[in-house]
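Trainee: Could you take me through one part of this model slowly, and then show me what lies around it? I would like to begin with the sheet.

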Amino acid sequence: MVYTQSPLAIGLFVFFVLFVLGLSFFLARRTTSASGYYAAGGNIHWFTNGIAFAGDYLSAASFLGICGMIATAGFDGWMYSIGYLAGWMVALFLVAEPMKRLGKYTFTDALDSKFNSKSIQLMAAISTLVVSVFYLIPQMVGAGVLVQPLLGMPHWVGVCIVGVVVTIIVATAGMASTTYVQFFKGALLLICSTIVVALVLFRGLGTDPNQGDTKEYHQFQNLQAEVANGHLQVAGYEVVAGLDSEFGKAGFVKLAQDGLETVWHLKEAATGYELVEALYVTEMADGTKLFNGAPKEDGKFFAVGHIKEITVNGEEIAQTGAVGPLEFLNRFKDSTVVLWGKKYVKVGDSTTTIYYQKPTPGSRILRPGLKFKVDNASGLDKFNFISLMLALFCGTAALPHILIRYYTVPSQAAARKSTIVAIAAIGFFYILTLYLGLGAMTNGVINITDNNMSAPLLALSFGVVLFAVISSLAFATVLGTVSGLIVASAGAVAHDLMDNFLGMNMTDKGKVRAGKISAMVIGAIAIYLGIIFEGMNVSFLVGWAFAVAASANLPAILMILFWKKATAQGVAASILVGLTSSLGLILVSPDMWVRYGLLPQDAPVAFNSPAAISIPASILTLVIISLITQKKGALVEDAAEA
Amino acid sequence: MGHGPAVKLGKDNAAAYKSKIGISMFIVYTLTYFGFVVINAAYPALMEKVYFGQTLAVLYGFFLIIFALVLAVIYNHFCTAAETRLN
């Protein structure tokens with residue numbers, strides 16, 4: 001797809017960047033102590049902290065990735081929203097108050113509060129860095145994805161802009177500036193997303209997604225073909241690749257008319273075939289890509305997303321008009337929506353990716369099974385699905401950049417209340433994601449080659465002003481989350497490793513200086529990673545970050561809080577096993593095999609989500625090692641009684 | 001060692017009580033969540049059934065999000081009352 005840059009979007013983005021930089025420099029003058037730098041002085045109001053939680057948590061994965069997944073896979077994409085939100089209940093009921101009571105600046109502080117163990121300090125710091133980097137990569141990639149439609153610049157420029165701005169935010173005022181950036185971003189995200197959803201409902205559902213009569217939607221054609229002497233014949237077209245070609249074997253044909261080649265999906269009809277128009281991208285041996293047979297700039301590749309039929313009370317209608325939130329889902333359920341399948345055809349040195357229409361009942365879209373294989377699934381498929389949902393549930397309360405927000409409030413009650421505000425804000429946003437995703441699915445705005453832009457492009461269908469606001473906000477979303485991740489990582493390096501593990505005994509000012517230098521180094525690494533991981537799916541990596549956090553951190557946190565016999569050796573071993581087992585299983589998973597250029601079915605393990613194995617392995621390790629080391633290690637008093 | 005809270009906290013006599021109700025509510029929500037996961041994995045067709053004009057999948061999803069907030073508010077109510085009573 002070819003995007004047109006909006007000066008308004010650029011202006012808003014520049015304004016937001018200047019605003020957060022000004023705020024950071026203003027707060028920097030008041031941030032001179034380690035407590036101020038790492039924990040914003042511990043005096044942030046619980047409501048502000050709750051919205052900042054939302055700003056921290058609702059990352060590019062939530063805003064871009066989930067909306068994109070719902071736009072192309074329906075309910076299965078929304079299950080990520082449900083899983084992420086459910087994880088906050090672990091945080092509220094089990095982790096929030098003890099974390100506030102036991103920790104100081106970092107997640108490691110709380111784990112090590114009863115032991116003063118070098119092994120825990122080292123393992124927890126490494127775990128923090130690994131989880132934060134896993135989370136960081138998709139955020140930085142998301143920044144690169146956004147910069148093209150927003151500023152008209154290449155991927156690496158977006159990554160560099162975010163990296164540099166965030167490094168300045170964190171290196172100036174640490175957690176203080178990060179908190180307010182996240183607060184503003186969280187609040188704006190909620191307000192603007194609500195406006196877009198309200199407009200989607202006002203527009204309603206229709207079979208011609210012409211975006212309020214402002215933009216004509218490509219009318220996908222059907223043709224009739226006959227077979228004569230074993231050859232396909234289509235009136236008005238020349239057959240370039242017929243039934244015997246590689247295209248034909250895959251269920252497609254390639255036709256030409258007026259010098260333009262098009263690909264069509266073959267469907268057997270009473271006489272001959274019905275041909276249904278498809279979209280295709282051909283990648284040549286030299287890396288050149290043609291979109292529907294022409295360079296991208298020619299605009300021959302169309303946005304997709306339309307309803308084939310809407311049925312109300314047994315009658316077909318073309319347009320519902322304005323609908324309420326429940327009526328929207330009800331009407332959607334009774335509609336037939338055109339989704340898009342994907343197939344690859346290799347001819348010589350070039351590979352063609354074909355996107356073909358799949359009319360699907362709305363009720364089928366609003367139930368699981370389009371992305372996750374749950375229908376007629378093998379035990380392994382079900383295991384993979386349950387393992388992913390387990391990782392989402394257990395991961396939230398183990399993300400270091402989320403946990404450190406508990407140190408910015410003055411009391412345990414404030415920690416609890418801010419979590420409840422976060423649950424309200426995040427839960428509301430996740431309800432909105434369903435409407436944003438389904439809105440994109442039915443309004444002809446999806447770039448089928450990259451669904452991450454579905455939400456901003458949905459906003460564009462309501463006018464360039466809203467697109468400008470949503471796009472610059474999406475960029476701000478990345479800023480908020482990445483700044484939290486860099487604070488967490490800088491704390492792990494400067495506070496956990498340098499000050500505690502290596503025993504450098506820094507002064508208060510030295511700790512702040514070490515934190516700032518660490519932030520700059522981590523910012524540079526983040527930029528590098530964002531550039532080399534260009535093209536990866538945004539939500540995919542966040543799922544991994546959750547799996548690693550849930551496996552390495554959560555068993556240690558919960559066992560320290562609720563099992564008196566946990567020892568330092570057991571906790572350190574548990575983190576090590578959780579970290580290595582989850583990482584190891586990810587690295588030999590089918591998804592990674594594809595990244596290595598190998599066939600997924602050749603991967604040593606047949607599942608992608610490791611949590612259902614690595615979490616039990618981590619817990620088991622903690623129990624066994626703690627029981628073995630009972631006499632050597634210090635017993636942990638029940639944290640609840642501390 | 002640089003542990004301990006960033007701000008000085010008073011002793012919380014309600015901590016044990018709050019922990020107890022937190023665990024109880026956690027169990028309730030966890031069972032509800034994994035009920036959702038198990039139905040999705042084992043009986044996905046059931047999720048397509050329509051009740052009150054919506055698929056069961058959508059209803060259950062909305063319920064999980066709203067139930068989370070309701071439980072959170074109830075939990076906060078009991079915790080705040082305990083803090084007032086015991087501290």
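Mentor: In chain A, six strands form an open sheet in the order β8-β7-β12-β11-β9-β10, and their pairing is antiparallel. Strands here are DSSP runs of E with at least two residues, helices are runs of H or I with at least four, and both are numbered from the N terminus. Two strands pair if DSSP finds at least two bridges between them. The edge strands of chain A, β8 (289-291) and β10 (315-317), each pair on one side only. On average, neighbouring strands of the sheet are turned by 25° against each other, direction ignored; such angles are taken between axes, which are lines fitted to C-alpha atoms (for helices over the stretch in contact), and run from 0 to 180 degrees between N-to-C directions.

Now look inside the sheet. Strand β7 (residues 279-283) of chain A runs antiparallel to β12 (residues 350-361) of chain A, and five bridges join them. You can find one of them at Val281(A), whose bridge partner in β12(A) is Thr353(A).

A word on the model itself: it is predicted, so local features need pLDDT of at least 70 and side-chain atom pairs count only at pLDDT 80 or more, while totals for chains, interfaces and linings use all residues. Residues are numbered from 1 along each chain as its sequence is written, and chains are lettered from A and ligands numbered from 1 in the order in which they are written.

Next, the helices. The axes of α1 (residues 7-28) and α8 (residues 155-203) of chain A come within 8 Å and cross at roughly 75°. The two helices, α1(A) and α8(A), are therefore roughly perpendicular, the word for angles of 65 to 115 degrees. Their contact holds 14 nonpolar residues, three polar and no charged. Nonpolar covers Ala, Val, Leu, Ile, Met, Phe, Trp, Tyr, Cys and Pro; charged covers Asp, Glu, Lys and Arg; the others, Gly among them, are polar.

Finally, chain A also meets chain B: 58 residues of chain A are in contact with 43 residues of chain B, where contact puts C-beta atoms, placed from the backbone, within 7 Å. On the side of chain A that touches chain B, α5(A) gives the most, with 14 residues. That side divides into 31 nonpolar, 12 polar and 15 charged residues. Chain B itself has two helices and two strands, running α-β-β-α from the N terminus on.

Terms used:
Two residues are in contact if their C-beta atoms, placed from the backbone, lie within 7 Å. Angles under 35 degrees count as roughly parallel, over 145 as roughly antiparallel, 65 to 115 as roughly perpendicular and the rest as oblique.
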